[in-house]
Structure formats: structure tokens, C-alpha cells
Amino acid sequence: MTQTNYSGKVQRVAIIANGKYQSKRVVSKLFAALRDDKDFYLSKHNPDIVISIGGDGMLLSAFHMYEKDLDRVRFVGIHTGHLGFYTDYRDFEVDKLLEDLRKDKGEKISYPVLHVKLTLQDGRIIESRALNEATIKRIEKTMVADVLINGVKFERFRGDGISVSTPTGSTAYNKSLGGAILHPTIEALQLTEISSLNNRVYRTLGSSVIIPKHEHIEIVPKRLGTYTLSVDNKTFSHKNVAKVEYSLDSKKISFVATPFHTSFWERVKDAFIGEFDS
Ligand code: NAP
């Protein structure tokens, strides 16, 4: 290798992969290429760059491994299947990734992350970050909860639960729930109902709602019981939830700005539409 990466600083690189055969092959190739490279130092501790190998689900796991380091870390995703939303490279493009990392000038592209604050009846507070979404559901019975948008008591929800997603998460569970797809550069959060009860007696808006970056959402359960709070790929059960608040986090997730970053609309088309006769 002849070219020194940006600022001449050695880049600490963490490689995170799922257990698939193709992922292991990619890991071996990256290790062999970066191990003896003076510009890179392979380490899972305090990395500057995290390379996630697998799929969007693997990138979610990598995000949670390093969510405390969002200020310094940039992510790169290699997909061992289809194109993906958080992945710029496929498993047959490892050489291209290595070439791009060697030319890297430290540029990044950043997207909003969700901040979730759960308050229990006894006053305890549990805070988390989500890259895709956070959903609250009631386990035993219909969830009854007040929905407040920026302090306005908006509606009383009855149904299975509520999802609040980020722009990049809008193509995940949110889409299955009938939510809109948001371009990831739009700084907003989206509230989407999960099977709301709507009849003569009970009424919710029904459509998803998109909330700008400085506003917040509050869900106040009206019944005691066990609730599950799912944050991306992790689910937690809580008794006696007083409220859950959602806003955009002060930190964003950053990706290495790759020269051939596939357009968001290409990804949406590739994932959900495919080719069609024109
Ligand atoms: P997972 O296997 O990690 O992910 C489930 C599927 O969602 C995978 O095909 C994954 O793509 C895809 N995915 C993840 N993030 C995405 C995004 N931002 N845009 C489009 N597709 C995305 O499953 P998990 O560990 O249980 O949960 C992870 C995520 O799954 C959650 O954050 C939630 O969004 C999603 N989920 C969806 C539904 C649904 O659509 N009904 C239900 C539950 C959860 P890859 O194959 O590339 O990994």
C-alpha cells in the first residue's frame, strides 16, 4: 500500500460479523489485508471505523456495541446478501472497500438516532438509543395509552402498541406497519400505530405521524401490567410503566462517506419493487 489515509493518523478498525459462512470469508480477507498495514490497526477497543459484515440486522448490533462512541466512530457495512439500507458494499466488493479506505479523507455521512426515555411508576428512568425504532406493546391485554405530541394530549390509543422510528428505520418495521418511508436526511421521527382499535367508541388518527426534530412524543399507559419495549433488535419487559418519551438524540450515527454511495431511492426500489418493464 502506498497511499496514506487522511491526516496520516493510524485508523483503529473493528471488524464485527455474524456467523454466516460468507461473512467469515469476508472477515478472513479483511484481516489478511489490514493486519500488516501500517495505516490501520485492528482493534475492537476504541475504534475509529467499525466494519459490520452481515446485513442491516448486523449493523444494528454493531451500532449498539459502539453507541457510546458515536462521536468518534464511523461505520461501514458489507452485506453478504442483498444490497441493504445500512450497507454500501456487497461481499464481492471487499477489494473496492479496501481501496476506498486507503483513499479515505475522514468524510462521513450522518443520520438521526432515536432517544428513548422510559420512566417507571417508582421513578426509575431507563434511557436507550435506537437506530431503527422503539416499539411499546402490552403483553396481557389491549394497550390503552395517551399519546402526547410536543405536550399536546393528542389521542387515547387502544390497540397492540406503538412504534416510533427514525428516518433510516422507516424502511424496517415501520414500513410493515403502513408507515411512510422517509429520506434519511430528513431529521424527524415517525409515530406509527400497531393494530389500533377504531370504531364508534374508540378513535385514533389511524395514519402515521411525522414529527420534526425539536418536538417529542410521550406515551402514557393508562393500565397497570407488563409492557414490552423493543429497541431495534432487543426486547425488554417492564412492569408499571409510567411513561415513555421519544425524541431525536443529540448524537447521530456516522458512516464512512463512500464514493459510490448508492442512492436511497435505488435501495428502496431494489428492496421493495425490483425491476419492471418500462
Ligand atoms: P433482523 O433479522 O435483524 O431484521 C429483520 C429484517 O429487517 C431483516 O431482513 C433485516 O435486513 C431488515 N432490516 C433491518 N433494518 C432495516 C432497515 N433499516 N430497513 C429495511 N430493512 C431492515 O430481526 P430482529 O433482530 O428481530 O430486529 C431487527 C429489526 O427487524 C427491527 O429493528 C425491526 O425494524 C425489524 N422488524 C421488522 C418486523 C416486520 O417488518 N414485521 C417485525 C419485527 C422486527 P437484513 O436481512 O439485511 O439483516
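This report covers the ligand site and the nonpolar core of a predicted model.

**The ligand site**

The shell around the ligand holds 17 residues. D56, H79, E133, T171 and S176 come nearest. By type, the shell divides into 5 nonpolar, 9 polar and 3 charged residues.

| Residue | Protein atom | Ligand atom | Distance |
|---|---|---|---|
| D56 | polar backbone atom | oxygen | 2.8 Å |
| G57 | backbone N or O atom | oxygen | 2.9 Å |
| N132 | side-chain N or O atom | nitrogen | 2.9 Å |

On its own, the ligand has 840 Å² of accessible area, and the protein covers 60% of that. Two or more shell residues come from each of the elements α2 (56-65) and α4 (173-176). Helix α2 gives the most, with 3 residues. D56 is among the residues that come nearest to the ligand, and a polar backbone atom of D56 lies 2.8 Å from a ligand oxygen.

**The nonpolar core**

In soluble globular proteins, nonpolar side chains tend to be buried together. Here, the largest nonpolar core has 27 residues. Within this core, I136, I162, I219 and Y246 touch the most other members.

Which residues does Y246 contact, leaving aside its neighbours within four places in sequence? The partners are L114, H115, V116, A134, I136, V164, L189, H216, I217, I219 and L229. Two of these partners, I136 and I219, are also named with Y246 among the core residues that touch the most other members.

Technical notes
Residues numbered from 1 in each chain as written. Predicted model: local features only at pLDDT ≥ 70, side-chain atom pairs only at ≥ 80, totals over all residues. Heavy atoms only, no water. Core = buried A, V, L, I, M, F, W, Y, C linked by side-chain atoms within 4.5 Å. Buried < 20%, exposed > 50% of the residue type's maximum accessible area, 1.4 Å probe, protein only. Contact = heavy atoms within 4.5 Å. Near = heavy atom within 4 Å. Polar contact = N/O pair within 3.5 Å; in protein donor to acceptor, adjacent residues only side chain to side chain. Areas by Shrake-Rupley, 256 points an atom, 1.4 Å probe, with all protein chains shown as cover. Helix = DSSP H or I, 4+ residues; strand = E, 2+ residues; numbered from the N terminus. Nonpolar A, V, L, I, M, F, W, Y, C, P; charged D, E, K, R; others polar.
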